[in-house]
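Open the model in a viewer and keep the sequence panel beside it. The stops below say what to select and what is there.

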Amino acid sequence: MSLAERTRWDARYRGASPDFTPSAFLAELDAILPRRGRALDVGGGAGRNALALARRGLDVTLADISPLGLALAHDEAIRTGNRLEIVALDLESDPLPTGPWDVILQFNYLHRPLFPRYPALL
């Protein structure tokens, strides 16, 4: 992603009151998701899904390009007593955080070259 993309996402989060409700699809997976282990949320923005996994008891790393989105996630994690590892990176050029991961999420961010990397990280 370019600086323009980072700027665009930062503008989206600037002054926003994000909705921290997890994705309905993620909520539907409740019965099969683990309650411990490591999770990576790729392109997770303000952390709504990362926080849901942290509440389940997973050690969650949230990776995104937007420092403002990550700051919102960090603040919400502190406010709610959850722990997130925050990683600011360009998902199109920087390496992904090293695994192994028990769960990898990628919601509302489409960058197909990442998909072949996931099996080796799980």
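Select Phe115, which is partly exposed because its relative accessible area is 38%, between the 20% and 50% cut-offs. This is a predicted model. The rings of Phe115 and Tyr118 form a tilted aromatic pair, 6.3 Å centre to centre with 45 degrees between the planes.

A search of the whole structure gives 2 aromatic pairs. For the other stop of this kind, select Phe25 and Phe107: the ring centres are 6.2 Å apart and the planes meet at 55 degrees, so this pair is tilted. Phe25 belongs to helix H2 (residues 24–28), while Phe107 is in the loop between S4 and helix H5 (118–121), so the pair ties together parts 82 residues apart in sequence. Phe107 counts as buried, at 16% relative accessibility.

Next, show Arg38 and Trp101. The charged end of Arg38 sits over the ring of Trp101, 4.0 Å from the ring centre.

Switch to cartoon and colour the strands. An open sheet is formed by 4 strands in the order S3-S2-S1-S4, with parallel pairing. At its edges are strand S3 (84–88) and strand S4 (103–105), each pairing on one side only. From one strand to the next, the twist averages 15 degrees.

Zoom in on strand S2 (residues 59–64), which runs parallel to S3 and is joined to S3 by 5 bridges. Select Leu62 here; the residue opposite in S3 is Ile86.

Now bring the helices back. Helix H3 (residues 48–56) lies across strand S1 (38–42), S2, S3 and S4, and runs at about 170 degrees to S2. H4 lies across S2 and S3, at about 170 degrees to S3.

The last stop is helix H1 (residues 3–13). Which residues of H1 are buried? Select Trp9, Asp10 and Tyr13. These residues cover an arc of only 105 degrees around the axis, which puts them on the same side of H1. Helix H4 (67–80) is included in what covers the buried residues of H1. Turn to the other side of H1 to find Ala4 and Arg12, which are exposed. Finish just after H1 at Gly15, where phi is positive, about 75 degrees.

Notes
Residues numbered from 1 in each chain as written. Predicted model: local features only at pLDDT ≥ 70, side-chain atom pairs only at ≥ 80, totals over all residues. Heavy atoms only, no water. Buried < 20%, exposed > 50% of the residue type's maximum accessible area, 1.4 Å probe, protein only. Helix = DSSP H or I, 4+ residues; strand = E, 2+ residues; numbered from the N terminus. Arc of directions from axis to C-beta. Contact = heavy atoms within 4.5 Å. Pairing = 2+ DSSP bridges. Axes fitted to C-alpha atoms, helices over the stretch in contact; angles between N-to-C directions. Phe/Tyr/Trp six-rings, centres within 6.5 Å; stacked < 30°, edge-to-face > 60°. Lys NZ or Arg CZ within 6 Å of the ring centre and 35° of its normal.
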